[in-house]
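Trainee: I've got a model open and I'd like to learn how to read its aromatic rings. Can you walk me through it?

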Amino acid sequence: MLILNEKDMRRVVNWSQMIDYVEEAYRIFSRGEFWMPDRTAVVRDSDTILYMPCFTDDVFGTKILTLFPDNPSKGYPYLDGLMLVNDLDTGKTVSIMDGRYLTALRTGAVGGVGVRNLSRPDSKSAGVIGAGQQGFTQVIYAATARDLDQIYLYDAFDKDWESYISRLRAEMNDQEIRIDVCASAAELVEKSDIVITATPATSPVLPDYPELLRGKCVIAIGSYKHEMREIPDSIWQLLDQVYIELPFALEETGDLYYPLKEGLFTKDQVCYIGDLLETETGRLPVQGETTFFKSVGMGLLDLYVAKKLYELALAGKVGQTVEF
Ligand SMILES: NC(=O)c1ccc[n+]([C@@H]2O[C@H](COP(=O)([O-])OP(=O)(O)OC[C@H]3O[C@@H](n4cnc5c(N)ncnc54)[C@H](O)[C@@H]3O)[C@@H](O)[C@H]2O)c1
């Protein structure tokens with residue numbers, strides 16, 4: 001069995017290739033070549049453990065994630081976990097990898113897919129709200145997907161910005177890109193062509209002024225429960241369609257569940273990002289219009305990316321082999 005930690009995964013990863021992998025996982029979703037139950041959330045007070053099993057035609061696996069909101073105040077990450085990759089014929093676990101880093105890698109690439117396919121090709125600036133683990137990779141992938149010259153960051157809480165930005169610079173190929181911190185989410189939205197939210201917020205983090213959002217590409221990563229919201233209702237005035245990953249998202253996240261229930265949009269406005277990539281049924285975004293992609297994530301993305309990382313690590317003789 002091959003054990004891959006963050007350091008191992010870093011040795012084989014390539015940002016642009018990761019966006020390709022996540023696009024391919026969305027295409028597999030669109031073709032229906034997978035089996036994936038709705039993920040199981042086991043909740044104890046405010047803490048959650050998510051179980052995300054999935055099969056494709058050549059592999060199966062499970063990601064197990066913990067989401068513990070009090071962890072950052074204890075010096076531990078909010079999100080942690082493991083990914084198990086199993087051989088399809090024998091069921092044997094062939095690899096265990098760091099689920100926290102895998103999540104950041106593939107969730108960043110999810111944002112990258114959104115930026116690559118839904119933002120204006122001439123976009124020059126991206127703003128990320130929520131300077132945590134996911135926000136970090138959102139910045140990297142946004143800059144991978146478009147030729148940006150400016151990144152804006154905003155967080156509701158005090159941050160060691162110098163260290164965050166210098167870590168970002170160390171990861172990014174583009175050393176010329178400017179990275180600035182905004183004093184408010186409104187300032188960030190006003191200045192950015194692409195707006196990405198990556199927070200565990202329970203009320204909208206974007207300002208409730210639809211005119212500020214007009215013509216922008218908005219990608220919401222954070223909310224995955226009814227009580228979590230990042231996006232204000234007023235965005236629906238600007239949208240003909242919303243891009244999502246899977247039908248369960250409509251039930252799972254407050255950013256879709258309540259607006260749908262309240263009639264702010266209807267199911268015939270929903271487009272699946274996999275269909276956009278794979279088939280003629282995916283509706284293309286209209287140039288110049290506001291585009292909105294709401295991600296909640298799904299086990300298929302983790303499985304496909306984990307399988308690729310496992311294959312790359314095997315080929316490159318990276319990781320530790322452990323006999324059971
Ligand atoms: N869509 C997906 O596939 C996917 C995958 C992984 C995580 N997530 C979700 O993304 C969110 C962020 O996860 P993370 O691992 O980056 O957490 P994190 O704790 O590392 O970072 C969250 C950041 O958001 C900031 N924040 C909190 N409330 C805010 C607000 N109201 N306005 C601005 N900033 C605020 C925090 O200060 C922190 O810096 C979580 O809700 C997580 O469940 C989604």
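Trainee: Leaving aside neighbours within four places in sequence, which residues is Phe 60 in contact with?

Mentor: First, this is a predicted model, where local features need pLDDT of at least 70, side-chain atom pairs count only at pLDDT 80 or more, and totals for chains, interfaces and linings use all residues. Residues are numbered from 1 along each chain as its sequence is written, and side-chain values use heavy atoms, with hydrogens and water left out. Contact means heavy atoms within 4.5 Å. For Phe 60 that gives Cys 54, Phe 55, Leu 84, Val 85, Asn 86, Asp 87, Leu 88, Gly 91 and Leu 303.

Trainee: Where does Phe 60 lie?

Mentor: Strands (E, at least two residues) and helices (H or I, at least four) are DSSP runs, numbered from the N terminus. Phe 60 lies in strand β5, residues 60-67. Its C-alpha is 5.3 Å from that of Asn 86, 26 residues apart along the chain.

Trainee: How many aromatic pairs are there?

Mentor: Rings of Phe, Tyr and Trp (its six-membered ring) pair if their centres lie within 6.5 Å; planes under 30 degrees apart are stacked, over 60 edge-to-face, the rest tilted. That rule gives 10 pairs. Among them, Trp 15 and Tyr 141 sit edge-to-face, 5.2 Å centre to centre with 85° between the planes. This pair links helix α2 (residues 15-31) with helix α5 (residues 133-145), its partners being 126 residues apart.

Trainee: Which rings form a cluster?

Mentor: Ring pairs join Trp 35, Phe 55 and Phe 60.
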